[in-house]
Amino acid sequence: QVQLVESGGGLVQAGGSLRLSCAASGRTSSLYAMGWFRQAPGKEREFVAAINWRGSITYAADSVKGRFTISEDYVKSTVYLQMNSLKPEDTAVFYCAAFIGSIRKNGGDYWGQGTQVTVSS
């Protein structure tokens, strides 16, 4: 089993920045990649970004390209999401996900509990 713990969410004004962190523990050697999804009120959960360990492969949704950057620290089993130029439409619960095999934009194999990001206009 793998446990994921997110941190770094909060309230920020439009145009501001936040950095999310997700630390994995347990059988982390079984993981191929980690990523982030988000779910806004009344909407389905959507893929945000993902990265494999060692950072050679990254994906990002078109809606966040140029604003969000995903990175990883293999030694710490931690993935980060640096979010800049935040917009009110970025308001959502952000979930960390871990992938055993390939990165899948429809969901991960393990999930964190989520962290709220609220962007005020």
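## A tour of rings and charges

Select tyrosine 74: at 41% relative accessibility, this residue counts as partly exposed. The model on your screen is predicted.

**Stop 1: the partner of tyrosine 74**

Tryptophan 53 is buried, at 9% relative accessibility. That value falls under the 20% limit for buried residues. Show both rings. Tryptophan 53 and tyrosine 74 make an edge-to-face aromatic pair, with 5.8 Å from centre to centre and 75° between the planes. Where do the two residues lie? Tryptophan 53 is in the loop between β5 (46-52) and β6 (58-60), and tyrosine 74 is in the loop between β7 (68-73) and β8 (78-83), so the pair ties together parts 21 residues apart in sequence.

**Stop 2: the whole chain**

Zoom out and switch to a cartoon view. The protein has 0 helices and 11 strands. How compact is the protein? Its radius of gyration is 13 Å, close to the 14 Å that the globule rule gives for 121 residues, so the protein is as compact as a globular protein of that length. Along the principal axes, the C-alpha atoms fill a box of roughly 40 × 25 × 25 Å. Of the 121 residues, 45% count as buried.

Now think about contacts. Take those with a separation of 6 or more: residues 24 or more positions apart account for 55% of them.

**Stop 3: an aromatic cluster**

How many aromatic pairs does the structure hold? There are 4. Select phenylalanine 37 and tryptophan 111. Their ring centres are 5.0 Å apart and their planes meet at 65°, so this pair is edge-to-face. The pair links distant parts of the chain: phenylalanine 37 is in strand β4 (residues 33-39) and tryptophan 111 in strand β10 (residues 110-111), 74 residues apart.

Check the cover on each one. Phenylalanine 37 is buried, at 2% relative accessibility. Tryptophan 111 is partly exposed, at 29%. Together, Phe37, Phe47, Phe99 and Trp111 form one aromatic cluster.

**Stop 4: arginine 45 over two rings**

Keep tryptophan 111 and select arginine 45. The charged end of arginine 45 sits over the tryptophan 111 ring, 3.8 Å from its centre. Now show tyrosine 95. Arginine 45 also lies over the face of tyrosine 95, at 5.8 Å from the ring centre.

**Stop 5: salt bridges**

Side chains of opposite charge can pair when their charged atoms come close. The structure holds 5 salt bridges. Start with aspartate 62 and lysine 65, whose side chains meet at 3.3 Å, N to O. Aspartate 62 is exposed, with a relative accessible area of 66%. Lysine 65 is exposed too, at 52%.

Move on to arginine 38. Is arginine 38 buried or exposed? At 5% relative accessibility, arginine 38 counts as buried. Glutamate 46 forms a salt bridge with arginine 38 (2.6 Å, N to O). Glutamate 46 is partly exposed, with a relative accessible area of 34%.

Aspartate 90 also meets arginine 38 in a salt bridge, at 2.9 Å, N to O. Aspartate 90 lies in the loop between β8 and β9 (92-99) and arginine 38 in strand β4, so this pair ties together parts 52 residues apart in sequence. Aspartate 90 is buried, at 0% relative accessibility.

Salt bridges that share partners join Arg38, Glu46, Arg67 and Asp90 into one network.

Notes:
Residues numbered from 1 in each chain as written. Predicted model: local features only at pLDDT ≥ 70, side-chain atom pairs only at ≥ 80, totals over all residues. Heavy atoms only, no water. Phe/Tyr/Trp six-rings, centres within 6.5 Å; stacked < 30°, edge-to-face > 60°. Helix = DSSP H or I, 4+ residues; strand = E, 2+ residues; numbered from the N terminus. Buried < 20%, exposed > 50% of the residue type's maximum accessible area, 1.4 Å probe, protein only. Lys NZ or Arg CZ within 6 Å of the ring centre and 35° of its normal. Rg over C-alpha atoms; globule rule 2.2 N^0.38 Å. Contact = heavy atoms within 4.5 Å. Salt bridge = Lys/Arg side-chain N within 4 Å of Asp/Glu carboxyl O.
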